[in-house]
Protein chains: 2
Amino acid sequence: MNYAVIRYILGLVILFEGAFLSLPCMVALIYREARGIPFFAVMLLCFFVGFLLSHKKPQNMQYYAKEGFVAVALSWILLSFFGCLPFVFNGDIPSFTDAMFEMISGFTTTGASILSDVEVLAKCSLFWRSFSHWIGGMGVLVFILAILPMGGGQNLHLMKAESPGPSVGKLVPKVRQTAKILYGIYCFMTLIEIILLMFGGLPLFDSMLLSFGSAGTGGFSILNSGFADYSPYIQYTVTVFMILFGINFNVYYFILIRKFKDAWKFEELKYYLFVIAAAVLCITYNIRDLFPTLESAFRHASFQVGSIITTTGYSSVDFNVWPEFSKVILVMLMFIGACAGSTGGGIKVSRVILMLKTVKKEMYFYIHPRSIRKIKFNQHVVEHEVIRSINIFLITYMMILAFSTLLIALDGFDLITDFTAVAATLNNIGPGLELVGPTSNFGMFSDFSKVVLMFDMLAGRLELFPMLVLISPITWRDTKVFKKIPKYRKNSPGV
Amino acid sequence: MNYAVIRYILGLVILFEGAFLSLPCMVALIYREARGIPFFAVMLLCFFVGFLLSHKKPQNMQYYAKEGFVAVALSWILLSFFGCLPFVFNGDIPSFTDAMFEMISGFTTTGASILSDVEVLAKCSLFWRSFSHWIGGMGVLVFILAILPMGGGQNLHLMKAESPGPSVGKLVPKVRQTAKILYGIYCFMTLIEIILLMFGGLPLFDSMLLSFGSAGTGGFSILNSGFADYSPYIQYTVTVFMILFGINFNVYYFILIRKFKDAWKFEELKYYLFVIAAAVLCITYNIRDLFPTLESAFRHASFQVGSIITTTGYSSVDFNVWPEFSKVILVMLMFIGACAGSTGGGIKVSRVILMLKTVKKEMYFYIHPRSIRKIKFNQHVVEHEVIRSINIFLITYMMILAFSTLLIALDGFDLITDFTAVAATLNNIGPGLELVGPTSNFGMFSDFSKVVLMFDMLAGRLELFPMLVLISPITWRDTKVFKKIPKYRKNSPGV
Ligand SMILES: [K+]
Ligand SMILES: [K+]
């Protein structure tokens, strides 16, 4: 284990967090909030700790999948640790466990809250909460990669560990360029959303925070009523942007370089839009009697479908009281999730498509035993290795889901609450059903359950394996072996 | 598609059903029940239809996976169709849909009932219901293979399609011998259970029916109270036998031929017993305050754990009122299911073990990228193809689960009812939670939902693919292709 590299990466991450913290400090200055002082203090602390860890660049910058996973997992935990301190110190969230839960929920773009009243928070706290979604959506390491020349050819490890989806393609040969392009598109789209929301009459502050939440598919709201009290214009605008941020960013890149045909070749995009359309239609029909007009039924159905499939988790209405059929559709969307390469969570549309294709191929094989049929995706043959890794992802995912539900069931809440609480955190959605429905929060869980759910949020955001590698005894047990046989590692290829 | 072979196999199955129907006729004679007359009539009908279909043996007895799957799927549907007619005619279950549901539930060893009062049924009806569990547990085609010399070397297709588990091993080189040995062990163990239950003071009739239900892991009870009113001796005996019938029958074969060491080498057996022990301990502790003595808490915990993991579905107590933690454990056991090669359903312990090993291997690979580590099971290296087929099974299983839940949600019952109703039928368990809990039944579902659940019961019992191949348009669309290019089929190898 190359500890020096991990130390260095963690140092950089904490330094950057210090820089990010300057933003809520500015908000506190503008609104003259005394509760902003802890943000200033923690910013200085981050600069200090970050400098201590990162000022000595390690001589050997070589690292492998293992170090990459450990570094990413620890980065996100430290990010949340330092990020939650201002809440504890300024009294907005006095309990450390709760503050940590809220912050992990922020960075992982889950948006599950332990707060029953968000309107009493200081403006700087509200800003920091929503900003964590924005930076967490695209990834903090991707951000650092875009800014800093890190050296070493294996930065793709970091990007892979932090980016959602079965296979992270580099848009351009260089990791740094790819990271820059991604953040460029991300900033531009966020800006457009902010402007459109301001057109709808929202103040700049509110527009920014809501845009951060939808861009990162995060879902922290700034009113206790969520999106229920906003105008239809705002609701429709946010619906559209949630759906846009759930699309693979490669599509935007192709649009950017004017390869419109290539953009439309993405199979995942078509299926994603089809699923959204089908779900909106079914739910609109199913809930039509609950609303005064068909338009409002359609508006709320679209908002909720867009919010859940992209794993944003905003709510314009309490869908917990909807008919069962609509709720089952929403639960299914929770698992499907957004497109790979977007800021959303869940299993991802492309994985679901490839799973369906695998089953279809198997059926075909039973019927025509001699046929040789390859699975194709985006008009290319899918390599066996991709299918294998999707299968393993699914199995691992199911196991974490089952085991987490079992653990939080110790609190004794009902099964739907437990199951959807885990589903909503593991898929980085936010609200579930029943006691964790859109009008409720996660405050009633025991500290033990909160830790389980924090693990699930991180596991979900980092696509399971970084967190599993971090807590696996094998990772730490075999450190000695590596020290004894350095040659073994030197020759080992990056994954 | 070799239609002649399918016709012939279906004919044999219906002929044998006629023979089976002679048993309830005898019961009706003994108890002098007029409601037995329809059994006699349907028996004659079966002999007639069976003879019509099977008297002309096809010249070409070659068949492949496709024909095997279609034949097995249709066999089970026809078996249930003819089997349910006596209930409709003698008025015990006047609705055809309900009778069909009850009979499919019987043959697939699900044990989910639409009856709210089973004590009003005629003795012959009660007998036929429970006997369907017994024949369905080991399989009707396996029974025919044991009795009849069928010719053709591909009878393994039929046995594979009907036997549970990821890989059906032949105990001895000949399929017919294997089938005989399996049924021999099955009969012997059922007999022992009947005798032990009679020792406990139960009449022969009750002992037989309860033994049929536990041997086939079926779960139809003969009292409305299930097992609540039986003595602890009866409850413990049935617990032990449920667990025994959930074990891979290969273990008994090795014991039979005195290879005790080989019997104990089955990894699945150890994990199965470990999971049972762990679940019983956790649940006993969790429910200890609900019962007057620790012994009764232990007894009911064991009974329920044994009943659910083996997918029998008998209940000694209403576990729907147990604490959430215990209920989550039971729901997890529903999915794990019994051992492969037993009469039980579910995903099967061996599949779950292999999935866990796959994840462990993947983790190990991330940590030691150059390591070459093979998955071993029962001290043998597991072939890649087995892992692949397990993955496909799991994906298909999840999809049927999700889609069925969506469809029955149209009835508007609560989510837990819907989800556990599908889980209880797809895993061939019987009772679920809430409205389909152990004290309730499936009578309230719409006919549409009942058809969905019937499909799930058959899909679960036949390990998904025979039913999918049956309803797949590809199966029927390409029939022409086969007729045009007969050479293609001749050379095609059996799967
Ligand atoms: K979210
Ligand atoms: K059963």
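The model is a predicted one, in which local features need a pLDDT of at least 70 and side-chain atom pairs count only at pLDDT 80 or more, while totals for chains, interfaces and linings use all residues. Residues are numbered from 1 along each chain as its sequence is written, chains are lettered from A and ligands numbered from 1 in the order in which they are written, and side-chain values use heavy atoms, with hydrogens and water left out.

Donors are here N, O and S atoms within 2.8 Å of the metal (3.2 Å for Na, K and Ca), and since water is not among the atoms, sites may look incomplete.

Most residues other than glycine have a negative phi. Thr311(B), although not a glycine, has a positive phi of about 60°; Thr311(B) is placed in the loop between α14 (294-309) and α15 (324-336) of chain B and counts as buried because its relative accessibility is 0%. Asn428(B), which is likewise not a glycine, has a positive phi of about 55°, is found in the loop between α18 and α19 of chain B, and is buried with a relative accessible area of 2%.

In chain A, the protein donors of the potassium ion (ligand 1) are the O atoms of Thr109(A), Thr110(A), Thr217(A), Gly218(A), Thr311(A), Thr312(A), Asn428(A) and Ile429(A), lying 2.4 to 2.9 Å from the ion. Distant parts of the chain are linked by the pair of Thr217(A), in the loop between α9 (204-215) and α10 (232-245) of chain A, and Ile429(A), in the loop between α18 (415-426) and α19 of chain A, which are 212 residues apart. Thr217(A) and Ile429(A) are both buried.

Helix packing was examined in chain A, with axes taken as lines fitted to C-alpha atoms over the stretch in contact, and with angles running from 0 to 180 degrees between N-to-C directions. Helix α17 (residues 384-408) of chain A packs against helix α19 (residues 447-461) of chain A at an angle of about 165°, with the axes 9 Å apart. The two helices α17(A) and α19(A) are therefore roughly antiparallel to each other, where angles over 145 degrees count as roughly antiparallel, those under 35 as roughly parallel, 65 to 115 as roughly perpendicular and the rest as oblique. Their contact is made by Ile400(A), Ser404(A), Leu407(A) and Ile408(A) of α17(A) together with Phe448(A), Ser449(A), Val452(A), Leu453(A) and Asp456(A) of α19(A), contact meaning heavy atoms within 4.5 Å. Helix α8 (residues 175-199) of chain A packs with α10(A) at an angle of about 170°, with the axes 10 Å apart, which makes α8(A) roughly antiparallel to α10(A).

Ser315(A), in the loop between α14 (294-309) and α15 (324-336) of chain A, counts as buried at 12% relative accessibility. Met198(B) has its place in helix α8 (residues 175-199) of chain B and, at 36% relative accessibility, counts as partly exposed. Not counting residues up to four places away in sequence, Met198(B) touches Pro203(B), Leu204(B) and Ser207(B); Met198(B) and Ile234(B), 36 residues apart in sequence, are 9.3 Å apart in space, C-alpha to C-alpha. Ile247(B), in the loop between α10 and α11 (249-256) of chain B, counts as buried at 7% relative accessibility, and its C-alpha is 8.2 Å from that of Thr343(B), although the two residues are 96 residues apart in sequence.

Note on methods. Helices (H or I, at least four residues) and strands (E, at least two) are DSSP runs, numbered from the N terminus. Buried means under 20% relative accessible area, exposed over 50%, partly exposed in between (1.4 Å probe, protein chains only).
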